[in-house]
Amino acid sequence: MPFEREAQGKASAGLEGGRSSFSVFMAGWRGVGMFSADTECARLMRDLDWSANPLGPPETWPTALRTLVGIMLGSRQPMFVAWGPQEIMLYNDAYAPLCGARHPAIGVPFQVLWADILNDVYPILQAAYEGRSTHMEDIRFLMHRNGYPEETHFSFSYTPVRDERGGIPGMFCACDEITEQVRQRRAQEQERALLYEALRLSPGATALVMGPDHVFALANERFLYLCGKDSGIIGKPTAEVLPEIVEQGFIRLMDQVFATGTPYEGRDLPIDLLHDDHAEMTRHYVDFVYQPFADPMTGTRGVLIQGIDVTDRREKEERQRIIANELSHRMKNQLAVVRAVISQTIRRASDTREAAKVIDGRLMALGRAQNLLLNAEAEESTVAAVVRAALSPYDEAKSARYSLSGPHVVLGGQLVMSLSLVVHELGTNALKHGAFSVPEGHVDIVWALEALPEGRLFTFDWRERGGPPVSEPLTKGSGSGLIAAGLGTFGGEVIMDFAPEGLHCRMSALLGGEGMIA
């Protein structure tokens, strides 16, 4: 190098001029040799007039300082040396950007260069001068190095430098500015916090499990409610928190998603969970998805669990299925009744006009009975409701044509149809020949339900009074056939008493557990 050839030439001339001049030269060369690195800060140090600086000429610097400066100028890590009572700053090219617009500041006292952060950093410098080392991974400063306030972060080590006598004439620092890394970490933390908050507020049951053991990192309120747990599950493996799902295969599915990174979606799957406040497991049905997940900060892998408890939906669907089957059954029964009514009426009617009129009335009665069964907003299908619906054509605003007496008894679908048709026929006959044919006529309707060893005995009495004298008809029409059939579907019997003072019809049926609820 030119600097070295020049030094060698001058060394030869010094030998010719005498040993004393050579020694003086070599001492000077050793002083500037530490500045031989081809860097900006090395050139600044070579060009600086050190005679006017408290450190003095480089050739007079102690060996420890010259060694540190040589190492520092050859390093790519930010470094500086503070030396002497004035704490004079010497630093390398990697440290220069940390000084901002204050660079170059070589040869400047530490307290001048870093006056804006002196309260934060100077106690650490003093500790080094007192022989105590300091290491920090992240220290925050509010600097004005570029003419405006800015938050900065550094990792560093302050190390005391001892001389031959054990004194501490200075300190050495290796450091890194980590401001950008801190900003990125904060952005990741904010992103992570937003993600976790979104998961926490998710409308479905949501949980996040991390690592191969599926340790709970997050579980929102809906997930905790579904599993019957509290927030104490955070930090625990899934198999420890929910051991009952291991044998059900859900842990195996998590293992699969964790290992392959492939999501898994389940629909309407049963899961038995042991809630903390229950002694026995509770069956739920869930729609859920296991999604592979990677933490935005650490890259740690896990599984995101999102699900919806569809137990209520499934129960509603099951009820709808049962209702649909019941409606289908009832429609078939109703069509069979309609067919029987029409067939019987046509066989016994004297002409088509009479048949049409009778059929119309009976179908209207069936329609009213059907309304009781299908209209969810109507009165439930009690005996009283069925009778009122069947006799509604004979109601009069001024006087009650009939009276009802009996317990609150709810009827099943087929029994509603049968009773409605019978009461309709009794009312039609009363209008033609009995109590409803005269203003003063009245019908007393009484029913009862008696528990017997062989079942429940339902009795229904229709008793007319105040009407014209009654006698047993010589011929029986289709209406009489329907009344005589009574509640025969349920193994019942019908007694018709044509007493002169009024018809008394008594029907009874022995009912099991089907079709009737008291």
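This is a predicted model: local features need pLDDT of at least 70, side-chain atom pairs count only at pLDDT 80 or more; totals for chains, interfaces and linings use all residues.
Arg401 is buried, with a relative accessible area of 5%. Arg401 counts as buried because its 5% falls under the 20% cut-off for relative accessible area.

Where does Arg401 lie in the chain? It belongs to the loop between helix H13 (383-391) and strand S11. Follow its side chain and you will find two backbone oxygens to look at. A polar atom of the Arg401 side chain lies 3.0 Å from the backbone oxygen of Ala435, and the side chain also reaches the backbone oxygen of Gly441 at 3.4 Å.

Now step along to S11 itself, which covers residues 402-405. S11 runs parallel to strand S13 (residues 442-452), and four bridges join the two. Among the residues involved, Tyr402 has Val443 in S13 as its bridge partner.

One point to find on screen is Leu449, whose bridge partner in S14 is Phe458. As you trace these strands, keep in mind that side chains in a regular strand alternate between the two faces of the sheet.

Finally, zoom out to the whole protein chain. It contains 15 helices and 17 strands, and 42% of its 518 residues are buried. Of the contacts with a separation of 6 or more, 56% are between residues 24 or more positions apart. The accessible surface comes to about 28,000 Å², and carbon and sulfur atoms account for 54% of that surface.

Note on methods: Residues are numbered from 1 along each chain as its sequence is written. Side-chain values use heavy atoms; hydrogens and water are left out. Two strands pair if DSSP finds at least two bridges between them. Buried means under 20% relative accessible area, exposed over 50%, partly exposed in between (1.4 Å probe, protein chains only). Contact means heavy atoms within 4.5 Å. Accessible areas come from the Shrake-Rupley method with a 1.4 Å probe; for residues, only the protein chains shown count as cover. A polar contact is a pair of N or O atoms within 3.5 Å; within protein, one must be able to donate a hydrogen and the other to accept it, and residues adjacent in sequence count only if both atoms are side-chain atoms.
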